[in-house]
Structures are given as structure tokens and as C-alpha cells.
Amino acid sequence: MSVTETPETGPAVDAKPYVTIVLPCYNEQDHVIAEVERICGAMDGSGYTYELMAVDDHSTDGTLDRLREAAPRFPNMRIVAFHRNGGSGTVRRIGTQDARGEIVVWTDADMTYPNDRIPELVQILEKDPTVDQVVGARTSEQGSHKFLRVPAKWFIRKVAERLAGQEIPDLNSGLRAFRRSVSLPYLRLLPPGFSCVTTITLAFLSNQHDVQYMPIEYSKRAGKSKFSFISDAYRYILQVLRMVMYFNPLKVLMPPAIWLVVIGLVKGVVDMFRHPFYFPASTVMVFLSGLIIGSLALLADLIVRSRGE
């Protein structure tokens, strides 16, 4: 879905900033200015040149008006207003594409993340050129539906770790900093919703980009949560499988293919002893299903390796 955006105000200084902070804003009128103050205060004291891209995702409250009123107080803030709601993933994708900074920071405007620690994430990237992304790994869960979210997130994270082949302390943290140049090839893969953070994590890990994790506290959300447990959890799982299939389909398809072939062979041997020279249709179906899935896995892997990306 294409979203038309209108830049309204920009940094007073024309010099290219080192850091661009992309801040999606959707119905955050009661606390968006407090968040802007916290971010700008931390960045002003850090010594890093920066721009804060506050993107109003077609809010239905007074979020955009509050940003416009406060704009003269924050010369490094650039306001972008979408003409229709595109989702946080769309905001982050367009914000990253339009970013002028070498380092891009993603965060939220709902007071949950310690945005005063953004300079720490940037500092890690500045000091270590081998690290391409730094993720704020949350040490607690404060979201809605906590009793459902915690086990669901744990399960999804373990699936992602298994498929990505490495430990992932926080798969879908909304606070992260990364090198814009490294992220550009993967921006087209970002979905419009919350699972965009999962996508950018797996895209970096699947392509051997070094991702570092910094423990952070996670606060209770200000305002009403926009997270829907059932639909968003389903999208998270689907996105994990989709991303690993995109970069390494053998990890998704080959294990079940091998299991089906082995089960078919073992069952065939048992059937041979029980009924010589007779194979039930179920045995043939299991064995052939394994061969078909294995063939698809090899074909998908061939396509991935021939993309030339």
C-alpha cells in the first residue's frame, strides 16, 4: 500500500545529521510532546548531530496539532504527516528511506522505551564498525494480555532462534539502532504492521550481519494499546517463517521432508514383514510427501541462491 506523506517542518541546520530517529505517532496526543522532549534532551546532551522525524500516521486525535505547536521549540524535529493510516511498518520503512543520517533509530512514542538511552545505542555502532544493529532487549513485559503475550512471545522467539541458528534475546523490540546503508536492501520486505521489527531483525541475522543486544527496562504504555493478541501473534509467526523461507528455505522445509521420508521407509520395512510385497497407500503417501517437500526445498534454495542479491 502506498502512503502519501507531506514533510511539514525540518531541521534548521542544513548539515547532514549523523543520526535519524524515526518516531511513529498515532493517537499519542497526551504524551507525544513529553516523548519528543525526552528524545531531544538526550540527543542534545550526547553531542551527536541528529534529526527527529516525527511521523503522524493519520491520527484521529490532536497528535499532529500538538507536534506543529511544539515544532519551534525543537529545531531538529522534522514533522511528516501521512494522508492515510499506513501502519508502524510503513512509517518506519518510509522514514528510513528518507532518513538523512548514517545511523537510523527506531522507537515508539508511547513512553514504554527508555528513549533517553538512544545515545548509548548509537555509541555502540560508532565505536564498533563490525556491529550493524543494536537492539534494546527488554528485561520485563508490561504490555496488555501479559499472561498470553509472555508464553506466545517465548514460543515465537524460540522458533526464530531455531530457524536463524542463533540466540535472540528480544525478537520484536521497538527500540533499535542500525546502519542505514546496511538496511536499504531489506526495507522492501517490511510489512506494514508491528512485525516489521521482527523482519529487520531476521533480515540482518539471516545475512550474517552482527546484531548486538543492550538490556533495557520496559515501562507501562501510555494511552491505549494498538496490539491485537490473536491477529498480531499470527502475523509474527507467519513473518518469522516467511523471512527464514526468503533467506534459507532449507531450514523450514528440509526437516519435515527428511522426517517424512524416514517415517515412510521405516513403515515400509514394517509393512514388508507384516505383509510381504504389499505397501499400504498410507506408506506410499508419507514417503512421496517427503520426497515432494524435499524437492520443493531444494528448488526454493536454488531460487534464493540465484537471486543475486
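Val32 is located in helix H1; helices (H or I, at least four residues) and strands (E, at least two) are DSSP runs, numbered from the N terminus. The model is predicted: local features need pLDDT of at least 70, side-chain atom pairs count only at pLDDT 80 or more, and totals for chains, interfaces and linings use all residues. Residues are numbered from 1 along each chain as its sequence is written, and side-chain values use heavy atoms, with hydrogens and water left out.

Val32 counts as buried because its relative accessibility is 0%, where buried means under 20% relative accessible area, exposed over 50% and partly exposed in between (1.4 Å probe, protein chains only). Leaving aside residues up to four places away in sequence, Val32 touches Cys25, Thr63, Arg66 and Leu67; a contact means heavy atoms within 4.5 Å. Val32 and Thr63 lie 31 residues apart in sequence, and their C-alpha atoms are 7.1 Å apart in space.

The buried residues of H1 are Val32, Ile33, Glu35, Val36, Ile39, Cys40, Ala42 and Met43. The cover over them includes the elements tabulated here.

| Element | Residues |
|---|---|
| Strand S2 | 19-25 |
| Strand S3 | 50-56 |
| Helix H2 | 63-70 |
| Strand S4 | 77-82 |
| Helix H4 | 118-127 |

After H1 comes Gly47, with a positive phi near 90°.

The largest nonpolar core has 38 residues, and Val19, Ile21, Leu67 and Met77 have the most contacts inside it. Such a core is a set of buried Ala, Val, Leu, Ile, Met, Phe, Trp, Tyr and Cys residues joined through side-chain atoms within 4.5 Å. Another core, of 37 residues, lies apart from it and includes Trp106, Ile168, Leu190 and Leu202.

Helix H3 (residues 88-98) has 9 of its 11 residues buried, so it is largely enclosed by the rest of the structure. Among these buried residues of H3 are Ser88, Arg92, Arg93 and Thr96.

In the protein chain as a whole there are 10 helices and 8 strands. Of its 309 residues, 50% are buried. Among contacts in the chain with a separation of 6 or more, 81% join residues 24 or more positions apart.
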